[in-house]
Amino acid sequence: MDTPRDAAHRGLLKLMLRLPSLRGELQLLWPNDPSFEALCEAYEDATATLDRLLTSPRDGEGELIDEYHNVCRALESDVVARCRTRTARSRS
């Protein structure tokens, strides 16, 4: 059975592929930031839904596809911001 942590881990792996320059930061955030795990789980859910919509599109789902593209980008932006904040704090 798939657990939320399993989904979060898949989301982490997808983020590492999508944002290769941040892989090291992502690996550091994963075990130390519980809210980051939730963000990874949300990314997994959003990308899985987007993949499903793109694989078998139905009439009238164009706006929904656009919405999920935007959700994925927003989650990626949140992850980038979190990594930058962490990096800035560690340099201080």
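Select Lys14: at 26% relative accessibility it counts as partly exposed (buried is under 20% relative accessible area, exposed over 50%, partly exposed in between, with a 1.4 Å probe and protein chains only). This is a predicted model, in which local features need pLDDT of at least 70, side-chain atom pairs count only at pLDDT 80 or more, and totals for chains, interfaces and linings use all residues. Residues are numbered from 1 along each chain as its sequence is written, and side-chain values use heavy atoms, leaving out hydrogens and water.

Lys14 lies in helix H1 and Glu44 in helix H3, so the pair ties together parts 30 residues apart in sequence (helices are DSSP runs of H or I, at least four residues, numbered from the N terminus). Glu44 is buried, at 7% relative accessibility. Show Asp2 and Arg10 as well: with Lys14 and Glu44 they are linked in a network of salt bridges.

Move to Arg18 and Glu76, another salt bridge, with the closest N and O atoms 3.0 Å apart. Arg18 is in helix H1 and Glu76 in helix H4 (residues 62-91), 58 residues apart. Glu76 is buried, with a relative accessible area of 10%.

Finally, select Cys40, which is buried at 0% relative accessible area. Its sulfur is 9.3 Å from the closest cysteine sulfur, in Cys83, too far for a bond. The whole structure has zero disulfides (pairs of cysteine sulfur atoms within 2.5 Å).

Definitions and conventions. Helix = DSSP H or I, 4+ residues; strand = E, 2+ residues; numbered from the N terminus. Salt bridge = Lys/Arg side-chain N within 4 Å of Asp/Glu carboxyl O.
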